[in-house]
Amino acid sequence: GNTNCSKAVLPACLQSLYNIPATPAIQRSNWLLVTGFGRQYAQEADLSNFLTQTRPDLSPNTTFSIVLRNGGQDPQSPALAGKEANLDIQYTAGVASGVPIQFLSEGGDGITGFMDIGAYVMNLSSPPTVISTSYSFDERDLSTLIMR
């Protein structure tokens, strides 16, 4: 078995499983986009705590830039932390050592917000290298037109 994964699936486990280097990234043109919908917010303090516990080799001051669209927000309050968005930011920063991260808070909800992010990315002159989106929709809840 993989000793990095014996207790929990933390950044070291994922890096080992997928051969992702733990050394900081040097290609500065790469960047990652993490999306947040439905009042899911990423917390800088939680990211700092996560990195301190799981990646002490990285600076606990590692952070992310924020883009707000369609009324999106990113309040920095423990009471408003979003499980999904927080998890995405923490694992993205913990696995992709030193890659710049942008958190996009989309105010539109459901499939409309999801599609708006697609349009946003398509219009960027330098799109992200990777997009992390952790949301799902039941196919039965979507129209045939949208699914096409």
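1. Cysteine 13 has a relative accessibility of 1% and therefore counts as buried, a term that stands for under 20% relative accessible area, with exposed meaning over 50% and partly exposed lying in between (1.4 Å probe, protein chains only). This is a predicted model, in which local features need pLDDT of at least 70 and side-chain atom pairs count only at pLDDT 80 or more, whereas totals for chains, interfaces and linings use all residues. Residues are numbered from 1 along each chain as its sequence is written, and side-chain values use heavy atoms, with hydrogens and water left out.

2. Cysteine 13 is joined to cysteine 5 in a disulfide, with 1.9 Å between their sulfur atoms, the term being used for a pair of cysteine sulfur atoms within 2.5 Å. A search of the whole structure finds one disulfide. The torsion about the S-S bond of cysteine 5 and cysteine 13 is about 100°, so this disulfide is right-handed.

3. Strand S1 covers residues 32-36, and five of its five residues are buried; strands here are DSSP runs (E, at least two residues), numbered from the N terminus. In a regular strand the side chains alternate between the two faces of the sheet. In S1, Leu32, Val34 and Gly36 point one way while Leu33 and Thr35 point the other way, and all are buried.

4. S1 pairs in the parallel sense with strand S3 (residues 101-106) over five bridges, where pairing requires that DSSP finds at least two bridges between two strands. S1 also pairs in the parallel sense with strand S4 (residues 130-132), over three bridges. Leucine 32 has isoleucine 101 as its bridge partner in S3 and valine 130 as its bridge partner in S4.

Definitions and conventions:
Helices (H or I, at least four residues) and strands (E, at least two) are DSSP runs, numbered from the N terminus.
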